[in-house]
Amino acid sequence: MRNPFGSAWGPKTELTPRMIEMFRVLVVVAFVIAAIPALAEDDQKVWTGEASASISNQTGTTSSFSGTADAKATRTWEKDEATARLTATYGTAKQKGEDEETNQDYQALFGEWKHRFSERLFSAVLTEVSRDSTQDRRLRFRFDVGPGYRVWVGDDAAKSHFDVSAGIGYRHEIYDGNSGAAGKDTDVDQFADAVIGFEYKKLLFDEKVEWTHTGSAAMPLNSISAYILRTEGIVGIPLTAAWSFRLSAMVEYTNEVPDRTFRTRTNTTVGLGYKF
């Protein structure tokens, strides 16, 4: 894909719809990161949050740029917990003598609501609204609901536990061109998913390192081959009470995508995180 800004940077360069769309996404990301500290000042002290960002730039025979922003806010009640997470990644690469290409252009908003019936048993509702131009995916909307069980819990339940969940879900996807599904000419697909997932959190090395590992699978009951597998690992090393070094790696496999795109999407980031 060509750089959305085009190859000319002169005064005649005009804003394209793609440029406007990207600017809007960046504004939303900046707004969320700026708003989370205000949410944390709730009088009841029930808001917690974290934000992280990383940027890499390389020049030479191959020039590349990559930036990632991630923001998360959580509010807890006696038996309920609500979480919202916004993540965005944008990157370009250019070989000497060739046009610049966009190799990362992904934005997603995740939401989760948990209600605890007991110390172990809970129900969860999860939502996702995302897009990824490198996969020609204009929209993915997911809504999953089902029960969960806390298999293991440590001394600090918020930072040391192992949860498993299962349920059913609805998924709506819009691709540019053919969706990749056999026998379909439309770029719109709808799925009824059977979903499973897990979340593992653990404090390591005398509680100096925070490890989080999540995973999920969505298997459409109406089109089994259109499944999605996703896993993410996050390592946080506190530097101060608020700041931490953050390393994350995410892998998502979508079995049915347009012919000219890759099934596997990966994203690895190294940066700083801030908690409040």
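We're looking at a predicted model, where local features need pLDDT of at least 70 and side-chain atom pairs count only at pLDDT 80 or more, while totals for chains, interfaces and linings use all residues. Residues are numbered from 1 along each chain as its sequence is written, and side-chain values use heavy atoms, with hydrogens and water left out.

Okay, cavities. A cavity here is a set of points, on a 1 Å grid over the protein atoms alone, where a 1.4 Å probe fits but cannot get out; a pocket is an open set with protein on both sides within 12 Å along at least five of seven lines, and lining residues have an atom within 4 Å of a point. Volume is the space filled by probe spheres set on the points, with grid points joined across faces, edges and corners.

Strands, by the way, are DSSP runs (E, at least two residues), numbered from the N terminus.

Now the second largest pocket, at about 420 Å³. There are 19 lining residues, and Thr102, Asn103, Thr134, Gln135 and Phe262 lie nearest its centre. Two or more of the lining residues come from each of strand 4 (101–116) and strand 12 (264–275), and strand 4 gives the most, 6 residues.

Conventions. Helices (H or I, at least four residues) and strands (E, at least two) are DSSP runs, numbered from the N terminus.
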